[in-house]
Amino acid sequence: MQNFYKWGFETFFGSVFNTIITLLSLIILFFFINSILGFISTSEWKVVEVNRRLLLIGRMPPEHEYRVWPILWVASYLIMASIKTWGSPSYKDLLFIALGITIVCVIFTTSSTYLWVLTSLLICIFSYVITSFIGKSTTANNKNKKILILLWILLLPIIFTILLIGDGPKPTLWGGFLLNIILACIAIGFGFPLGILFAIGRASTLPAIKIVCTIYIETIRGAPLVAWLLLAWFVLPKFLPQFWGINEVSVVVRAMIILSAFTSAYTAEVIRGGLQSIPKGQIEAADSLNLGYANKMILIVLPQAIRVVIPALISTFIGVFKDTSLVFILALTDLLQVGRIIPEQDPEFFGRQLEALCVVAFLFWIISISLSNLSKKVEKSLGIGIR
Amino acid sequence: MNSIVDKLYVLSRSQKFRNLIIQFIFLIFVGLFVYYLISKALQLDITLGHFVSRAGFGISHTFIVDYTSNDSRWFAYFTGVVNTIRMCIVGIILATILGTIMGVARLSKNILFSTISYLYVEILRNTPLLIQIIFWQIVFLQLPRISEAITFKDTVVISNRGILLPYASSTENGYGNLWIGIILIAIIASLFLSFYINKREDIHGKVIKLYNFKLSGNIIGLIIFFTIASISFFILQKPYDIDLPSLYQNDKGTYLQSGGFEFTPEFGAILFALVMYTGTFITEIVRGSIQSLPKGQTEAALAIGLSNYQTMTLIILPQALRSIIPPLTNQYLNLTKNSSLSVVIAYPELFMVSRTIMNNSGHALPVFFLILVTYLSLSLVISIVMNILNRRVTRIGA
């Protein structure tokens with residue numbers, strides 16, 4: 001006990017400077033907590049409660065809302081199975097995941113849709129349990145891994161099939177959280193492979209390829225994303241070829257094209273860092289084994305290069321996910337725009353912008369923080385920095 | 001005959017020849033693509049001729065330049081560029097200060113202090129900048145209305161139209177610009193002088209002494225600067241005066257504000273959001289660099305009796321600065337590009353102004369290239385400055 005007091009005194013009031021810092025921190029913390037408590041005590045969340053569907057799917061017609069749930073089921077199966085297969089989650093991690101999923105579900109569930117959401121929660125538990133059973137035998141586990149990877153690759157086609165099959169709503173009507181997720185998936189799904197190509201091109205010894213790739217990367221990185229989106233809004237359709245005389249490119253497709261190009265440039269820069277970190281001996285060894293260029297890259301260089309930059313890659317992807325909120329330039333109603341619009345719809349909600357904004361910010365935050373925790377975990381398991 | 005085939009075969013096997021062929025094919029594809037793009041672009045108007053015509057829209061925030069809607073589009077664009085540069089300079093300075101403090105705080109033994117830093121980083125880094133900009137705007141607009149404005153004896157006026165602060169304004173005698181010129185020259189001259197004296201001390205060991213008191217280059221520079229500034233100030237008969245903000249009612253009872261430096265909600269929101277957001281990344285950079293230093297440095301500093309504060313400022317931070325600067329440059333570039341997001345709350349910087357011009361003129365492509373070139377040159381300037389700094393920092397003791 002004596003030690004505890006001594007320790008407390010040393011850390012908080014050890015010197016004059018330390019005392020000042022402690023007092024300042026107390027004032028800041030008090031101010032912070034006070035304003036949060038003040039906000040909570042005066043806040044009314046009805047603006048969110050009545051607009052749950054809008055937050056989830058935006059302007060998409062309500063009769064098409066059922067299309068969202070199969071996507072949710074597939075996604076929840078995949079996510080939980082992957083967490084169990086590749087990451088070895090501790091109880092703390094599982095608690096965090098469960099808490100996050102529950103809160104997100106609470107935000108989006110209405111009285112008419114709670115059964116769908118409950119089903120997806122059950123699927124989460126089911127997939128976790130079944131994967132842990134599979135994990136007991138190595139051969140089944142390996143097979144399971146292959147199936148999961150295939151499913152991840154097929155995820156985007158599955159999403160599009162579910163959304164568009166039959167007379168699905170036009171992509172322009174997509175909105176809300178769904179749009180952010182779709183855009184982020186597309187941007188990463190197309191941007192990442194393209195980024196690898198551009199990174200290899202930029203690190204190439206052939207001057208022509210190197211210069212062209214460098215110009216591409218630096219041009220894309222030169223202007224802010226909003227400027228590129230504005231360009232897509234105004235002139236991109238004029239540059240695309242006319243198929244069957246149709247030149248009506250949906251705004252969502254334009255956003256996808258620009259976001260993928262943008263992601264590819266930023267990913268390329270990250271991967272280039274990884275390529276530079278590879279010892280020259282690796283490449284020489286591959287050459288002396290008489291591997292061709294493609295084999296050398298795919299088997300020797302890229303696996304090592306990407307492994308080193310996985311944390312940086314994930315933070316780039318987090319940035320891309322956050323950047324999907326910029327599609328307001330294209331007049332799309334993504335999650336943030338829904339959050340800005342709903343308090344203005346009804347005079348009852350006047351002055352309730354902060355509540356809506358808080359929910360939106362929380363949704364972005366929970367996805368980003370999960371990804372960043374994932375990156376920390378990967379970093380630890382790969383032993384980067386410890387080597 | 002056979003020898004030609006053989007030679008061709010040998011040629012096709014040589015790496016150099018293959019590389020040439022690959023590049024040639026690649027260039028043909030790229031060339032075709034570029035040709036396609038250019039041919040499509042030529043169908044549009046790609047000249048900036050319309051920029052000399054009257055702009056026809058007002059810009060709510062002007063700084064230094066006096067813009068009216070009758071000026072040309074070039075001038076409107078220039079006003080936007082000035083606004084961007086102003087925001088970037090203020091933002092970069094504040095974000096660096098905030099980031100450094102928070103980065104040091106993150107590693108502090110004081111749990112309260114490190115908790116604040118932890119919360120700050122984890123909350124603000126993982127929410128989109130756009131949300132933060134809108135959040136700060138809402139916060140600023142919740143300040144009291146102008147009829148109930150908070151005033152501190154006519155020095156500060158706080159209302160939801162903005163915060164008015166005391167500011168210097170040129171008096172009527174018209175020497176204001178001359179004085180600014182003299183100040184600029186004085187800054188450059190004193191910088192050169194102090195640099196020269198410091199270098200002389202470093203290389204030749206010669207020191208200027210005044211009654212046993214060593215005068216270092218920095219002190220001499222400061223003295224010279226203040227002497228020139230104050231002497232010229234009085235010779236030019238007070239070219240600048242303090243401009244106090246005031247709040248008054250006109251004869252119809254409307255509240256009006258005048259004078260002072262106006263810190264509008266838009267500028268405040270975008271500045272706060274940019275500084276806070278970029279600050280989180282700088283925090284992580286500073287923390288990473290400090291952690292990458294060997295622990296022996298801290299222990300050695302403490303062992304020779306330096307205080308915690310001295311250890312930080314004299315031993316740790318100067319060394320950490322070397323690995324901080326390259327990623328810091330990246331963050332500065334990001335801040336510059338992110339300032340374009342102020343379009344969401346209609347702060348008229350470069351991007352907002354050019355969007356208005358695009359909408360008015362209907363020629364989007366050339367304006368976009370102008371934006372691209374402007375941002376690229378801004379990035380280039382920041383990179384060059386930071387490279388010079390980097391060279392200076394890494395040279396010491398290396």
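Trainee: Is I64(B) buried or exposed?

Mentor: This is a predicted model, in which local features need pLDDT of at least 70, side-chain atom pairs count only at pLDDT 80 or more, and totals for chains, interfaces and linings use all residues. Residues are numbered from 1 along each chain as its sequence is written, while chains are lettered from A and ligands numbered from 1 in the order in which they are written. A residue is buried if 20 or more other C-beta atoms, placed from the backbone, lie within 10 Å of its own, exposed if 12 or fewer, and partly exposed in between. Because I64(B) has 8 C-beta neighbours inside 10 Å, it counts as exposed.

Trainee: Where is I64(B) found in chain B?

Mentor: Helices are DSSP runs of H or I, at least four residues, and strands are runs of E, at least two, numbered from the N terminus. I64(B) belongs to neither of the helices α2 (15-42) and α3 (73-106) but to the loop between them.

Trainee: How far apart in space are I64(B) and L32(B)?

Mentor: In sequence, 32 residues separate I64(B) from L32(B). From C-alpha to C-alpha, their separation in space is 47 Å.

Trainee: How many of the residues of α13(A) are buried?

Mentor: Helix α13 of chain A covers residues 251-276, which is 26 residues. It is largely enclosed by the rest of the structure, because the buried residues number 20 of the 26.

Trainee: What share of the residues of chain B count as buried?

Mentor: Chain B contains 12 helices and 10 strands. Of its 398 residues, the share that counts as buried is 29%.

Note on methods: The expected span of a helix is 1.5 Å times one less than its number of residues.
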